[in-house]
Amino acid sequence: MKTINDYNFKDKKALVRVDFNVPLNDQQEVGDTSRIEGAKPTVDKILKDGGSVILMSHLGRPKGVDQKNSLHHIVGKVSEILGVQVKFVEESVGEKAQKAAKELQPGEVLLLENLRFHSEEENGDEEFAKKLAGLADIYVNDA
């Protein structure tokens, strides 16, 4: 199996599955940053190579769209930890996500909305997976 160290990400968009299912307090602030910190070396490697990163994760176990579980709440903390301003798109698949991914430049990071807002994510839906895969050149599992 290849690792990220076996690959040069120059001018490539990497779709990275991370585990940002972090605890949020009543003010929707991140209570424990260890999972975000754990993803930093992977993101750093891709950016150092000259690539861009599209992060995807889930947060909580919502049944459909629930703003309480939006990954929008963690963008600031993710940006702080990664040391780069993370862009956010309010969907994980669809026109907005496609546009945001297409416009992503080397050295930039994009966070997609909570994957669990789509029932297809937990069901292993092949069409959903194809839509996600279409956003990038390569997939990296860091979850």
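Is D11 buried or exposed in this model? D11 is exposed, with a relative accessible area of 52%; here exposed means over 50%, buried means under 20%, and partly exposed lies in between (1.4 Å probe, protein chains only).

## Before we start

This is a predicted model, so local features need pLDDT of at least 70 and side-chain atom pairs count only at pLDDT 80 or more, while totals for chains, interfaces and linings use all residues. Residues are numbered from 1 along each chain as its sequence is written, and side-chain values use heavy atoms, with hydrogens and water left out.

Helices (H or I, at least four residues) and strands (E, at least two) are DSSP runs, numbered from the N terminus.

Let's return to D11. This residue sits in the segment before β1.

You can find Q28 in the loop between β1 and α1. At 22% relative accessibility, Q28 counts as partly exposed.

## How the strands line up

Now look at the strands. Two strands pair if DSSP finds at least two bridges between them. β1 and β2 pair in the parallel sense over five bridges, and R17 stands opposite M56 in β2. β2 and β4 also run parallel, joined by three bridges. Here L55 has L111 in β4 as its bridge partner, and I54 stands opposite L110 in β4. β3 and β4 pair in the parallel sense too, over four bridges, with V86 opposite V109 in β4.

β1, α1 and β2 make a right-handed β-α-β unit, and another right-handed unit is made by β3, α3 and β4. A crossover is right-handed if, with the strands pointing away from the viewer, the path from the first strand over the helix to the second runs clockwise.

## Which way do the side chains point?

β2 is mostly covered, as five of its five residues are buried. S52, I54 and M56 point one way from this strand, while V53 and L55 point the other way. In β4, V109 and L111 point one way and L110 and L112 the other way, and all are buried.

## The nonpolar cores

In soluble globular proteins, nonpolar side chains tend to be buried together. A nonpolar core is a set of buried Ala, Val, Leu, Ile, Met, Phe, Trp, Tyr and Cys residues joined through side-chain atoms within 4.5 Å. Which residues touch the most other members of the largest nonpolar core? They are F20 and L55, in a core of 26 residues. The elements that give two or more residues to this core are β1 (13-17), α1, β2 (52-56), α2 (75-82) and β4. The largest share, five residues, comes from α1.

Not counting residues up to four places away in sequence, F20 touches R35, I36, A39, L55, S57, H58, L59, L71, I74, V78 and L111, where contact means heavy atoms within 4.5 Å.

## Charged pairs

Side chains of opposite charge can pair when their charged atoms come close. A salt bridge is a side-chain nitrogen of Lys or Arg within 4 Å of a carboxyl oxygen of Asp or Glu. By this rule the count comes to nine salt bridges. One of them joins K40 and D44 (3.1 Å, N to O). Both residues lie in helix α1 (residues 34-49), four residues apart, about one turn of the helix. K40 is partly exposed at 27%, and D44 is partly exposed at 30%.

K45 and D49 form another salt bridge, with their closest N and O atoms 2.4 Å apart. This pair also lies in helix α1, four residues apart, and K45 counts as buried at 18% relative accessibility. E108 and K87 meet in a salt bridge as well (3.3 Å, N to O). E108 lies in the loop between α3 (95-103) and β4 (109-112) and K87 in strand β3 (residues 86-89), so the pair ties together parts that are 21 residues apart in sequence. Finally, E126, E127 and K130 are linked in a network of salt bridges.
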